[in-house]
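The structure comes before my notes.

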Amino acid sequence: MSEHTRFEELVLPHLDAGYNLARWLTRNVNDAEDVVQDACIRALKYVGSLRDGDARAWFLTIVRHAFYDWCKRNRPAEIVKDDGTAIDMAADDSAVDPERAAQRSSESRLLADAVAELPVVFREVLILRELEELSYKEIARIADIPVGTVMSRLARARGLLQRSPLLHAIRGLPSGGQQ
Amino acid sequence: MNCDEARTLVARYADGEIDDLQGRSIAQHLRTCADCAVKHQGVLALRAQIRAEVPYFPATPALRERVRALVANARDVAPARPRPVRDRWRWLSGGALAGCTATILAWMLGTAVIDWRANEDVAVEAVTTHVRATLSNHLIEVASSDQHTVKPWLSARLDYSPPVRDLASEGFALGGGRLDTLDKQRVATLVYHYRLHTIDVFVRPEMVHAPTELRTVRGFNVAHATGSGMDWVAVSDVSADVLTAFVQRLARADAAP
């Protein structure tokens, strides 16, 4: 099977997954398209090394690498290790502003905004877990981190979302031990 | 199971990343512990909300178009894909070419060195022969200022017929000729007198790699010229420029009588 045929059969079915990840990492349509195109060029080149069965994780790994390379070129500041402290502080500061929170709650894309504001290292594991429904092990391989780190980052991401000022007014969501 | 143990397992339980035994234990704990149950519910509720409100972005039509173009491009390039093989051949032929070039260069250098050494040897031999002939008073075997006497004498003893010219009008009087061995070849030697000097001119069929430049060996000048199908090697104690002009004059075809 030729390279491009392998690519079409094994990788193209995961183009949506690749774009979704890139879209959440770049938070921008055009940048996501560029990243995925770059990833596809790499995938075409290395599709010969892909074993059957793990094409999605394989392609997502390439997309993630393409994103970080793109990031280094275009948004180097974003790669700086962000542990979410800023978000925590924001949460404390604006914790009590019922009017604003109520206003926010009327907006439809509240949670999406909160996810987009997560530092990228937490955002990527959250997207891979909750939207791609990948296992800890798969996420660990894609993000090139130990499974324990996947778990801690996931817990951090969830904690940040649950305590996000954007979400305080959301009904029915237990607010992560703030009560 | 207590709450400390449960804390690390709640998320894993909610994510389905736990074995059956631990799963049963945590399920039992959650039924009895409200705090842990709230945390567990928090993860599940967040997940439900994420899946409801956080959009999953499918690839845009523009991206699909770009990727299609990429693949089409790869397909077009594909026929030329046995490139590694071609590259290998290119490298191989390149290497072969480089090897050939190196060999040729080495050969040329080698022959140049050999030629140089041979010329050196010829020059040295010519001088030695000239000196020996002078000392032994064996300069001339056929004494004649008449080129028409010298030439047949030489031709009868050689497998070639050297041109013989008397240039007495220019100061170079033909004294006669003899046979010598030069560079393992029997050669004709013409003897000229120029003022008080004696000039030996060794004449042999033209060599492929003939010496070109003037040399000085043990105080004797050795000049060379090519012409009339012959190599001309002149040895004498006359000045270098005179000797060079003379040997070139001899070799020139228009000098033939």
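I count two strands as paired if DSSP finds at least two bridges between them. The model is predicted, so I keep that in mind throughout.

**Entry 1: the strands of chain B.** I started with β5 (residues 215-217) and β6 of chain B. They pair in the antiparallel sense over 3 bridges. I looked up one bridge: Thr216(B) has Asn221(B) in β6(B) as its partner.

Next I followed β6(B) to β7 (residues 230-236) of chain B. These strands run antiparallel and are joined by 7 bridges. Here Ala223(B) stands opposite Ala234(B) of β7(B). β6(B) and β7(B) also form a hairpin, again with 2 residues between the strands. Ser228(B), in the turn, has a positive phi of about 55°.

Is β6(B) mostly covered or mostly open? I found 6 of the 8 residues in β6 (residues 220-227) of chain B buried, so by the cut-off of 20 or more other C-beta atoms within 10 Å the strand is mostly covered.

**Entry 2: the contact between the chains.** I then turned to where chain B touches chain A. The contact takes 35 residues from chain A and 31 residues from chain B. On the chain B side, α1 (3-15), α3 (34-53) and α4 (61-77) each supply at least two residues. Which element gives the largest share of that side? I noted α3(B), with 11 residues. By type, the chain B side divides into 19 nonpolar, 8 charged and 4 polar residues.

Terms used: Residues are numbered from 1 along each chain as its sequence is written. Chains are lettered from A and ligands numbered from 1 in the order in which they are written. This is a predicted model: local features need pLDDT of at least 70, side-chain atom pairs count only at pLDDT 80 or more; totals for chains, interfaces and linings use all residues. Two residues are in contact if their C-beta atoms, placed from the backbone, lie within 7 Å. Helices (H or I, at least four residues) and strands (E, at least two) are DSSP runs, numbered from the N terminus. Ala, Val, Leu, Ile, Met, Phe, Trp, Tyr, Cys and Pro count as nonpolar, Asp, Glu, Lys and Arg as charged, and the others, Gly among them, as polar. A residue is buried if 20 or more other C-beta atoms lie within 10 Å of its own, exposed if 12 or fewer, and partly exposed in between; C-beta atoms are placed from the backbone.
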